[in-house]
Amino acid sequence: MNKIVKQIIFMAIGVIITGIGASLTVKAAVGVGAWDALSLSVSGVIGMKIGTFSMIMNISCVVLQLVMLGKRFKPLMFLQVLVAVLLGYVVNFMLYDVLSGIVITQYYLNMILYLLGLLIIIFGVANVMTINFISFPLEGACTVIADRYHLNFGKVRQWADILSVLIAIAVALIFRNDLTVREGTIIGMFIFGPLLHQFMVALKPGLTKLDLVS
């Protein structure tokens with residue numbers, strides 16, 4: 001099988017896994033990641049499905065890259081739009097079809113579900129990042145901004161999270177909605193990065209053996 005075809009297939013699997021994990025963290029209702037918290041807060045106000053608004057935000061990140069890069073925007077980077085659509089579709093399908101009838105009232109079960117979802121997200125993201133064929137739209141936008149203004153990518157990505165959290169809190173307070181930034185968000189901020197690194201280190205030999213790493 002052609003290497004690019006294999007990379008696209010495995011990348012799609014990684015995105016689907018990430019979407020499933022994100023859906024579980026939303027269902028757990030103990031806080032979600034900064035970017036997801038923003039989607040959850042705004043989608044609740046405008047009456048749009050979470051995954052659909054997530055698509056819009058991620059596609060906006062691709063448009064930002066296109067505007068900033070101009071002719072330097074590579075055609076391959078348009079695949080980020082497919083990543084955005086697939087991720088949003090999976091989140092909608094999981095939340096509004098698969099998980100819609102499930103009600104969890106015990107806090108410890110909600111926390112277990114959140115941690116399980118977080119681990120699944122990390123596994124999915126680690127696959128996509130290790131393959132290094134195409135990035136998630138938000139990471140792609142942060143990379144372009146960092147390169148343009150000679151900034152550290154980690155700092156730009158961190159500020160994106162901070163801005164997302166602040167907007168999510170502001171939306172919740174203004175419209176008196178449930179706060180989407182909770183203890184789960186804080187836990188994720190502490191363990192996501194270190195665990196992502198460990199997962200990438202663990203996955204790289206196998207993915208390299210399969211000739212999937214760019």
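Predicted model: local features only at pLDDT ≥ 70, side-chain atom pairs only at ≥ 80, totals over all residues.

Student: Let's start with α7. How far apart are its end C-alpha atoms, and what span should we expect?

Tutor: Helix α7 covers residues 153-174, which is 22 residues. At 1.5 Å a residue, α7 should span 32 Å, and its end C-alpha atoms are 31 Å apart, so the two values agree.

Student: What caps the N-terminal end of α7?

Tutor: Asn 152 does. One of its side-chain oxygens lies 2.9 Å from the backbone nitrogen of Gly 154.

Student: Which residues of α7 are buried?

Tutor: They are Val 156, Arg 157, Ala 160, Ser 164, Val 165, Ala 168, Val 171 and Ala 172.

Student: And what covers them?

Tutor: The cover includes α2 (34-46) and α6 (137-148).

Student: Going on with α6, at what angle do α6 and α7 pack?

Tutor: The angle is about 125°, and the axes of the two helices are 9 Å apart. That angle makes α6 oblique to α7.

Student: Is the crossing of α6 and α7 left-handed or right-handed?

Tutor: The crossing is right-handed.

Student: Which residues meet there?

Tutor: From α6, the residues are Leu 138, Glu 139, Cys 142, Thr 143, Ile 145 and Ala 146. They meet Phe 153, Val 156, Arg 157 and Ala 160 of α7.

Student: New topic. Where is Arg 176?

Tutor: Arg 176 is in the loop between α7 and α8 (183-209). Its phi is near 55°, a positive value in a residue other than glycine.

Student: Is Arg 176 buried or exposed?

Tutor: Arg 176 counts as exposed, because its relative accessibility is 77% and the cut-off for exposed is over 50%.

Student: What about Asp 211, where does it lie?

Tutor: Asp 211 lies in the segment after α8. Its phi is also positive, near 60°, and it is likewise a residue other than glycine. With 38% relative accessibility, Asp 211 counts as partly exposed.

Student: What is Thr 18 in contact with, leaving aside its neighbours within four places in sequence?

Tutor: With those neighbours left aside, Thr 18 is in contact with Leu 87, Ile 121, Gly 124, Val 125 and Phe 136.

Terms used
Residues numbered from 1 in each chain as written. Heavy atoms only, no water. Helix = DSSP H or I, 4+ residues; strand = E, 2+ residues; numbered from the N terminus. Expected span 1.5 Å × (residues − 1). Buried < 20%, exposed > 50% of the residue type's maximum accessible area, 1.4 Å probe, protein only. Contact = heavy atoms within 4.5 Å. Polar contact = N/O pair within 3.5 Å; in protein donor to acceptor, adjacent residues only side chain to side chain. Axes fitted to C-alpha atoms, helices over the stretch in contact; angles between N-to-C directions. Parallel < 35°, antiparallel > 145°, perpendicular 65-115°, else oblique. Left-handed = near helix turned anticlockwise from the far one by under 90°.
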